Amino acid sequence: MAKKGPKTPNQKKKPSASKAKSKKPSAAKTKKTRATKKSDTKSDKKPAKATKKVTTQPPIKTKLYKLTPEHEALLPEYRDRWIRNSMRTGHLTLDEKNSVVTALKGLYQAVDAKEPIILFAPSPFAAAFAAGIAAGVLEMRKYYQVTIAPKEFTNSFAVTINDLVMRIVNKTPIPARPELVLSTVKKESWFHLEGKVDDIKSIAEQFVATQSLDPQKASEALPTPGECAEYLMECVKNAQSMNNGGNTWSGWIAYINFFKEVAKLPLDYSRWNLYEAAAVAGPRYMHEEFCLVSEPPLVLTADDQNLPHNDTGPFCRWSDGSQLYSVHNVRLPGWILEQPETITLEGIRSETNAEIKRIMREKYGESRYLRDIGAKVIDLDSVPTVAGTTEGEIVRALMEDDEGRRFLVGSDGSTDRTYYMEVDAKIATCAEAHQFLSGFSEAKIIAQS
Amino acid sequence: MDTLQTFQKIETAAKANTAKLRVIETMAVGEAIRQGDLYIERVAKLPPMKTLIKAKTHQLAIGTTQGSRHIVDANSQVEIFNLVKNENPLAGPLVSAKESWLLTHPQHGHFRIPAGFYRTAYQRDYARERAEEIRRVND
């Protein structure tokens, strides 16, 4: 049905979101937007020239901006401000929501789009699923009369999505208090869509085409309920085409914000200011009829390089129980971190993602893993903790596992811990392995602890 | 020696370890010591001052974990610098000490280190699937 009937969000010639959608901002994009506005009124195939004729824009100086030492000193402040924005946690306040709504209305107005229905979703997942289905239903309605057979949902996540979809397709205005009822936080991995497909599908199955509105298609058979649901599911898969990252795109915003506030480039930032103001909230899904905005997560943790990280639970969790797991930016299913005791040797062997496999090995216990697979001992030696003395001894081994990976196994010389450090598989001795990891020749190291 | 015997030997030796203070009386330029995942090498001189920025902390490894608390004792007369532009994730701060200084750690043995200039470096965290990436180990 998707091929011959209404188009899914990214199939349309003029995607519903394309008019209003703000893509990743850049200086080039800003310029293009102005040029496009001009070419709407006059047919000019050279947008750059058209830009110069826009009288409302201040003239652009040709002098190139150069970073001064004073401006450079301000970079950390701007970096940190926008990192804070991207790492923001907790619900948006009512004031923040109101200013986001005002900014979004302004953005739609800036591209001559009509005012959309604006709703807040508890997570980007809820926003994406609801946006996909709602966009599909609105598209279907151009061709068919669509009736709704409402279903009862007990799963709180499905209730939330269904509520959002119904508000959009029934054209419910923005509620006075736009907060949605927060669902119970559930310990569940939302990294994969699997497991929730049935819920989303159930929502999609409510919408049934009952009559063709297109005279040319009147003689054709109506899509079956199954085909309608299949089409709406396809729309869910394509919902990403309506996505704007909101505060998760703070890196781009920081860049332009710096040029606006510090470099003070002679540009009209009035529309940009709206984009910036909307970036307090999380990712949003922008359609010509509606805009679904995600709340920020309640929990967001990172490692010292600001990479998504939590070694024991979700690094990111939203109020509807959606959560993501990551160890130093390696996304993985939550059970590996929350139920490591269920990891088996067979499970490690069958994992195809090498990074996840490594984390599973660590959680299983490197020592236990190397023992259980009967790792091969390539080299064994010992070094004194203080060179030239018999004060202490570090015993080390170079071992190879059943995949040909080599590990330096040894203690540190001052604690009772044993370490397992992977090294290049070409390394043949413990000394070479230590040099590989430290960058120092062992002959130079005079004491260890 | 088979796998199990090897493990036994390593673990037996590890249990005999003690985290006692190690006093380094002399340290030639080019020589280094290791404290956990941190290496400290004596160097002849520091890079030009214009390439350095004074560190705001006496901790020589970034992080909030116990393992990262390689801290120069507050009573030590040292100046600690970071490179203004440091593109090597394994390169740590630089230390200038006019007298001997104490490097502490909550788990590993402390070191009393002679006066001089030092550079610090971190151990690498290697994995075959990201062999090209230079990443510091997380202690």
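## Basis

The model is predicted, with local features needing pLDDT of at least 70 and side-chain atom pairs counting only at pLDDT 80 or more, while totals for chains, interfaces and linings use all residues. Residues are numbered from 1 along each chain as its sequence is written, chains are lettered from A in the order in which they are written, and side-chain values use heavy atoms, without hydrogens and water.

## Helix H9 of chain A

Helix H9(A) covers residues 225-237; helices are DSSP runs of H or I with at least four residues, and strands are runs of E with at least two, numbered from the N terminus. Its 13 residues should span 18 Å at 1.5 Å a residue, and the end C-alpha atoms are 19 Å apart, which agrees. The expected span is 1.5 Å times one less than the number of residues.

Among the buried residues of H9(A) are A:Cys228, A:Tyr231, A:Leu232 and A:Cys235. Buried means under 20% relative accessible area, exposed over 50% and partly exposed in between, with a 1.4 Å probe and protein chains only. The buried residues pack against helix H6 (124-140), helix H8 (197-204) and strand S3 (207-212) of chain A.

## B:Arg22

B:Arg22 lies in strand S1 (residues 22-23) of chain B and counts as buried because its relative accessibility is 4%. Leaving aside neighbours within four places in sequence, its contacts (heavy atoms within 4.5 Å) include A:Glu391, A:Gln448 and B:Phe111.

## Strand S8 of chain B

S8(B) and S9(B) run antiparallel, joined by 3 bridges, and form a hairpin with 6 residues between them. B:Leu103 stands opposite B:Phe111.

How values were computed:
Two strands pair if DSSP finds at least two bridges between them.
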